[in-house]
Amino acid sequence: MLIDSLNWRVQNEIDKILSKPIIPQDLYRGLRDSQLIGLSGYSREGLPVFAIGVGLSTFDKASVHYYVQSHIQINEYRDRVILPSASKKHGRPITTCVKVLDMTGLKLSALNQIKLLTIISSIDDLNYPEKTNTYYIVNAPYIFSGCWKVVKPLLQERTRKKVQVLQGCGRDELLKIMDYACLPHFCKKEGSGSSKHSGSGSENCYSLDHPFHQELYNYIKEQSRMNEDRKPIKHGSFHVEFPEPSADDGEIAKTIESEIHKFENSHGNVIDG
């Protein structure tokens, strides 16, 4: 697995991906508005807290390659900048993060995104394993509960133990491990949900205007200037070879599709609640 991952990095020039900005900036802003992820803060143990808007991510502003490039860039920035910085601050190795997955707005149309999400999941499984300490699921609608019941037994035990489904927006439980200021914006008030545009840019960690994304984007542009001095920045996505999903990932994707179709047949295209 290690050799395969190293080969993947070499063949796809992953070491250079943090010097490949997605331009123009309006395109990158579109990615940030449709691939909802951001760093909201840190747990009291120093672990980075990543917020992910699973239910409201539409992945409809660019090609699959741009979304994969952006995902890998965030992974690489986490591993090369965020985690080493946190380790230095706390005087001990910090090698994992916490993820808060917001299911607000999860729709049957999410079926269209399963292929992309499976690609991203496979990249993480094969090349960034064991980087997440705990997954917290919040604002889960009824459709999620149905899918979770059938997917849970398919997960490896170590993965299953990492997943915690919290009641409502999860604020009270999350406050046990992080300060209020570090909560994702959708966890700060019951019923607030994960609106793509809720709060100002400095509060909404999905926004390109949030400090995390500003620092990430500026870092990539600076790396580009340093590594490709006197060369114009090229437009176009940074193509990465997509791995074949593992048998487990493929089975999970098929199971989710099957459950969503069952739900659609019995409830129609109504999902929230």
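Over which residues does pLDDT stay under 50, and how many contacts beyond four places in sequence does the model have for them?

1. **Confidence.** The stretch is residues 269-273, with 15 contacts beyond four places in sequence. Contact means heavy atoms within 4.5 Å, and pLDDT is the predictor's confidence in each residue, from 0 to 100. Where pLDDT is low, the predicted coordinates should not be read in detail. The chain average is 86, and 79% of the residues score at least 70.

2. **Ground rules.** This is a predicted model, in which local features need pLDDT of at least 70 and side-chain atom pairs count only at pLDDT 80 or more, while totals for chains, interfaces and linings use all residues. Residues are numbered from 1 along each chain as its sequence is written, and side-chain values use heavy atoms, with hydrogens and water left out. Helices (H or I, at least four residues) and strands (E, at least two) are DSSP runs, numbered from the N terminus.

3. **Strand β3.** Six of the six residues in β3 (residues 97-102) are buried, that is, under 20% relative accessible area with a 1.4 Å probe, protein chains only. C97, K99 and L101 point one way; V98, V100 and D102 point the other.

4. **Pairing.** Strands pair if DSSP finds at least two bridges between them. β2 (residues 48-53) runs parallel to β3, joined by five bridges. G53 sits opposite D102.

5. **Cores.** A nonpolar core is a set of buried Ala, Val, Leu, Ile, Met, Phe, Trp, Tyr and Cys residues joined through side-chain atoms within 4.5 Å. The largest has 43 residues, and I72 and F212 have the most contacts inside it. Helix α3 gives the largest share, seven residues. Beyond four places in sequence, F212 is in contact with G38, L39, F50, I74, Y77 and I82. A second, separate core of 21 residues includes L47, L56, V98 and F186.

6. **S207.** This residue lies in the loop between α7 (171-174) and α8. S207 counts as buried because its relative accessibility is 13%. A polar atom of its side chain is 3.0 Å from the backbone nitrogen of D209.

Definitions and conventions: Buried < 20%, exposed > 50% of the residue type's maximum accessible area, 1.4 Å probe, protein only. Polar contact = N/O pair within 3.5 Å; in protein donor to acceptor, adjacent residues only side chain to side chain.
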